[in-house]
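Here are my notes on this model, written as numbered points. Have the structure open while you read.

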Amino acid sequence: MTLEGKVALVAGATRGAGRGIAVELGAAGATVYVTGRTTREQASEYQRPETIEETAELATAAGGKGIDVQVDHLEPEAVQALVERIRRDEGRLDILVNDIWGGEKLFEWNKPVWDHNLENGLRILRLAIDTHLITAHFALPLLIERPGGLLVEVTDGTAQYNAEHYRLSPFYDLAKTSANRMAWGHAKDLAPHGATAVSLTPGWLRSEMMLDAFKVTEENWRDATAHQPHFVISETPRFVGRAIASLAADPDRARFNGQSLSSGGLAQIYGFTDLDGSRPDCWRYMDEVMEAGKAADATGYR
């Protein structure tokens with residue numbers, strides 16, 4: 001599998017799934033532009049230690065070329081400048097991954113709309129929906145200039161799961177179901193240009209924030225199963241990265257156009273594994289997981 005000569009933009013790559021995706025695209029040989037708000041000089045409201053520079057360096061170390069650009073994807077002018085830079089420097093865009101999120105500290109579980117903080121709820125929707133549409137608006141014209149482009153809308157939950165389950169907050173529910181629908185809609189517009197759009201969900205992600213929430217590290221993450229046994233089906237951010245790298249390298253990827261996919265489901269198709277050689281398939285067991293604990297909504301910390 002190689003993506004040498006391909007140019008990718010991973011929007012929202014500071015940490016979590018975005019970082020794992022950027023690293024795996026780099027490992028496949030791609031040039032990867034990684035964006036986010038947190039740099040070594042300036043932190044976002046997350047006040048987290050991860051930076052976009054680190055993500056770019058990891059993508060380069062993996063075998064690709066990582067390029068970090070600080071971007072707030074709620075600012076159209078900043079996104080437009082980013083795409084113009086990619087056009088100027090690379091002359092192409094082959095893969096767009098919309099992983100922008102930012103709502104971990106804003107949602108409130110099990111609260112109806114009248115009890116949920118309204119300002120926070122509306123910001124969730126702006127971060128999860130507006131950012132993706134703004135980025136698509138400016139980036140897709142470059143992506144469709146060459147046949148074979150790929151757009152991935154990263155979300156939480158497959159379309160089937162989200163259609164049948166309330167995601168414990170009206171704002172979070174709408175945010176995560178919207179990404180699935182966006183991918184379906186983009187697929188209609190991209191197909192005539194020979195491009196493919198899908199939505200993709202990781203499973204129970206061992207992101208930096210999730211590991212911190214369970215007070216473990218990647219090295220001893222299994223200790224968390226003493227508190228939450230179902231954490232055994234969790235996965236690293238690199239697993240969903242391998243899903244996207246496999247999809248991007250598949251010349252027949254258009255067969256998935258408009259579909260809602262999962263990292264575990266694609267692992268069954270493409271045969272890749274997580275870093276430890278396992279092949280988790282979280283969404284096969286999600287009903288059981290949610291019933292047993294509903295710990296941080298399982299994948300809430302992307």
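Which helices each supply at least two residues of the lining of the largest pocket? Those are H1, helix H7 (208-213) and helix H8 (237-249).

Before the points, some ground rules. This is a predicted model, where local features need pLDDT of at least 70 and side-chain atom pairs count only at pLDDT 80 or more, while totals for chains, interfaces and linings use all residues. Residues are numbered from 1 along each chain as its sequence is written, and side-chain values use heavy atoms, with hydrogens and water left out.

1. Start with the largest pocket, which has a volume of about 250 Å³. A pocket here is an open set of points on a 1 Å grid over the protein atoms alone, with protein on both sides within 12 Å along at least five of seven lines; lining residues have an atom within 4 Å of a point. Its lining has 14 residues, and Arg19, Arg206, Glu208, Pro237 and Arg238 lie nearest the centre. H1 gives the most to that lining, with four residues. By class, the lining holds five nonpolar, four polar and five charged residues. For the classes, Ala, Val, Leu, Ile, Met, Phe, Trp, Tyr, Cys and Pro count as nonpolar, Asp, Glu, Lys and Arg as charged, and the others, Gly among them, as polar.

2. Now look at H1 itself, residues 16-27. Helices are DSSP runs of H or I with at least four residues, and strands are runs of E with at least two, numbered from the N terminus. The 12 residues of H1 should span 16 Å at 1.5 Å a residue, and the end C-alpha atoms are 17 Å apart, which agrees. The expected span is 1.5 Å times one less than the number of residues. H1 is mostly covered, with 11 of its 12 residues buried; among them are Arg19 and Glu24. Buried means under 20% relative accessible area, exposed over 50%, and partly exposed in between (1.4 Å probe, protein chains only). After H1 comes Gly29, whose phi is positive, near 100°.

3. The largest cavity has about 290 Å³ of space. Of the 22 residues that line the largest cavity, Gly12, Arg15, Arg37, Trp101 and Gly102 are the closest to its centre. Its lining divides into eight nonpolar, eight polar and six charged residues. The second largest cavity holds about 40 Å³, and its lining includes Lys6, Asp94 and Arg253.

4. Have a look at Glu153 too, in strand E5 (residues 150-154). Glu153 is buried, with a relative accessible area of 0%. Its side chain makes polar contacts with the side chains of His132 (2.5 Å) and Asn98 (3.1 Å). A polar contact is a pair of N or O atoms within 3.5 Å; within protein, one must be able to donate a hydrogen and the other to accept it, and residues adjacent in sequence count only if both atoms are side-chain atoms. Leaving out residues up to four places away in sequence, Glu153 also touches others, including Met182, His186 and Val198, where contact means heavy atoms within 4.5 Å.

5. Finally, Gly185 sits in helix H6 (residues 170-190). Gly185 is partly exposed, with a relative accessible area of 25%. The C-alpha atoms of Gly185 and Val198 are separated by 9.6 Å, and the two residues are 13 residues apart along the chain.

Definitions and conventions
1 Å grid on protein atoms, 1.4 Å probe; cavity = no way out; pocket = protein on both sides within 12 Å on 5 of 7 lines; lining within 4 Å. Points joined across faces, edges and corners; volume = space filled by probe spheres on them.
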